[in-house]
Amino acid sequence: MASVDLNQRIPNNVGLGDDRRLRRALEAWQPAYVEWWKEAGPVGLQTSDVYLRTAIDVDTSGWAHYDYVKMPDYRWGIFLAAPTADRVIGFGDRAGEPVWQEVPGEHRGALRRIITVQGDTEPASVEQQRHLGATCPSLYDLRALLQVNVEEGRHLWAMVYLLHAYFGRDGRDEADALLERRSGDADRPRILGAFNEATSDWLAFFMFTYFTDRDGKFQLAALQESGFDPLARTCRFMLKEESYHMYVGESGLTRIVQRTADVLRESPDADPRSLGIIDPETFQKYLNFHYSVTLDLFGAEVSTNSANWYSMGLKGRYREGRIDDDHRLDSSTYSMLRPAEGRTGFETEEAPALNVLNERLRDDFIADVEVGVRKWNRILREAGVDVELRLPHRAFNRRIGVFRDVHVTPEGEGIAEEEWRRREGEWLPTARDRGYVASLMPKAVREPGRFASWIAPPERGVDRNPVAFEYVRFA
Ligand code: BYC
Ligand code: FE
Ligand code: FE
């Protein structure tokens, strides 16, 4: 593997210095990217100095290097994890054959589609979060937001590299289009549903990084199994960054719950909304929303796309190598829930395993998110707060797949559409709920070490600095 070349305009470990055509193409895309960043990225912070981590190498010592940087000058690089010697395709019809270093002609369209969809989510999330700097609960949290944003920008670079390096003219066109779509735009929206929703406040941001970035974790983990080795290696490195994004979500929500629990312990009989905290009901409603919208991101339960991609060796299962089966799935089954015939209740179906890979990945995701909910309930219980947070039923509020036409309560009880319309606001954030959350965050908290009323401080700062460090210097 080429070593990391930091002297290039585009830091990289893919040997760009020796590939003039590719380097030229990426250097031509770079100004458009920076334009996009300035136009659609974090508002009002482009000239501030932010204490950011920059990847400068892919091994354990080198990839987390911290310093103050103005975001438009961030060194977005192209990094692939080290190759695995003699790697073979781990699943599908070609299992056991050597992995591909070039795109097989017959898989070109499918791979381009997967990479484009993955790439599209990265800038979308930056666009969704662009106004949050104006209401940050602390400098520590503002830094975390901007760190996530620049790394999502790097993830876009990762996909654009693949498009430019392996897909010729079509790839370059897709790379251009990635900078032209905009989250929530009526004419040119981002590709997947959740990436067109607004992330308008910090509770939504922490929910997004907890749930939606975790879709990223599972999708990248499935792509890390790919027989197309450059994609696998790119995703392997992206997953390191992804774990920080989920940490931001997990620790942010934990600090919110902690603050709520501490305040309610002192004032158990007060109206929680008079106490300057996020009340448990509002937390639950946001959770219901972000969880259900993220479940949709896994695609339909029964999917020929995912079956084909598996058989082709392009997209595997979560931790494919640890699963003890034939890795071909032409005769096994997997159980999935679906609405019962006649529309009341649910039934379990033993479906051909190959057809329900999206559902399987969704199940892996659900098991992962349950961990946080248990932790938050423990915090509430220890403070004597008598509420239990819950993940809603998987059929709740779905737009994609077999549950899209049914209406169910968070407990999974089927209800008529009319009742859903009447009661939706009991379960999902209303304009009033969002207004309340926004009222807690009237403006940015910018003094080092100070935190908004609705969130507990973290236990420690970043890169061995104190919590009260000046993580952002405004200019
Ligand atoms: N919204 O068989 P189906 C991340 C489309 S997050 C709108 O159901 P399939 C990140 C689908 O495209 C990870 N459309 O699904 C997180 C298809 O359209 P075509 C992102 C949707 O194809 C936070 C049709 O419906 N990465 O990295 O098996 C911050 C029927 O498809 C939706 C990936 O998703 C939806 N929710 O699977 C930053 C990995 N769901 O092709 C970043 C790459 C489905 O008929 N993508 N559709 O026109 C994939 O693997 C698949 O495209 C999906 C869908 C899993 C998304
Ligand atoms: Fe990402
Ligand atoms: Fe992420």
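In which loop is the place of Ser48? Ser48 sits in the loop between H1 and strand E1 (49-54), where helices (H or I, at least four residues) and strands (E, at least two) are DSSP runs numbered from the N terminus. The structure is a predicted model, in which local features need pLDDT of at least 70, side-chain atom pairs count only at pLDDT 80 or more, and totals for chains, interfaces and linings use all residues. Residues are numbered from 1 along each chain as its sequence is written, while chains are lettered from A and ligands numbered from 1 in the order in which they are written.

Ser48 counts as partly exposed because it has 18 C-beta neighbours inside 10 Å; on this scale a residue is buried if 20 or more other C-beta atoms, placed from the backbone, lie within 10 Å of its own, exposed if 12 or fewer, and partly exposed in between. Ser48 and Val472 are separated by 424 residues in sequence, yet their C-alpha atoms are 6.9 Å apart in space. Residues up to four places away in sequence not being counted, Ser48 touches Lys70, Val472, Arg473, Phe474 and Ala475, contact being defined by C-beta atoms, placed from the backbone, within 7 Å.

A further pairing involves His65, which belongs to strand E2 (residues 65-70). His65 is partly exposed, since 14 other C-beta atoms lie within 10 Å. Between His65 and Arg53 there are 12 residues of sequence separation and a C-alpha to C-alpha distance of 5.2 Å. Beyond neighbours within four places in sequence, His65 is in contact with Arg53, Thr54 and Ile56.

Ala81 is located in the loop between E2 and H2. Ala81 counts as buried because 20 C-beta neighbours lie inside 10 Å. Its contacts, with neighbours within four places in sequence left aside, are Val58, Arg233, Arg236 and Phe237. Ala81 and Gln8, 73 residues apart in sequence, are 19 Å apart from C-alpha to C-alpha.

In soluble globular proteins, nonpolar side chains tend to be buried together. Leu203 touches Ile256, Ile278, Tyr286 and Val437, residues up to four places away in sequence being excluded.

Helix H3 also packs against helix H1 (residues 20-40): their axes come within 11 Å and cross at roughly 145°. Axes are lines fitted to C-alpha atoms, for helices over the stretch in contact, with angles from 0 to 180 degrees between N-to-C directions. On the H1 side the contact is made by Leu22, Ala25, Leu26, Trp29 and Trp37, and on the H3 side by Gly153, Val160, Tyr161, His164 and Ala165. These residues divide into 8 nonpolar, 2 polar and no charged; Ala, Val, Leu, Ile, Met, Phe, Trp, Tyr, Cys and Pro count as nonpolar, Asp, Glu, Lys and Arg as charged, and the others, Gly among them, as polar.

Around ligand 1 there are 24 residues, of which Gly193, Gly216, Gly299, Ala300 and Ser303 come nearest; a residue is near a molecule if its C-beta atom, placed from the backbone, lies within 6 Å of it. Two or more residues of this shell are given by each of helix H2 (108-128), helix H5 (202-223) and helix H8 (304-311). The largest share, 6 residues, comes from H2. By class, the shell has 7 nonpolar, 12 polar and 5 charged residues.

Backbone geometry was also considered. Most residues other than glycine have a negative phi, and most peptide bonds are trans. His327, although not a glycine, has a positive phi of about 60°, and is placed in the loop between H8 and strand E3 (333-339). His327 counts as partly exposed because it has 19 C-beta neighbours inside 10 Å. Arg464, likewise not a glycine, has a positive phi of about 65° and occupies the loop between helix H11 (431-440) and strand E5 (472-473). With 8 C-beta neighbours inside 10 Å, Arg464 counts as exposed.

Notes: Contact = placed C-beta atoms within 7 Å.
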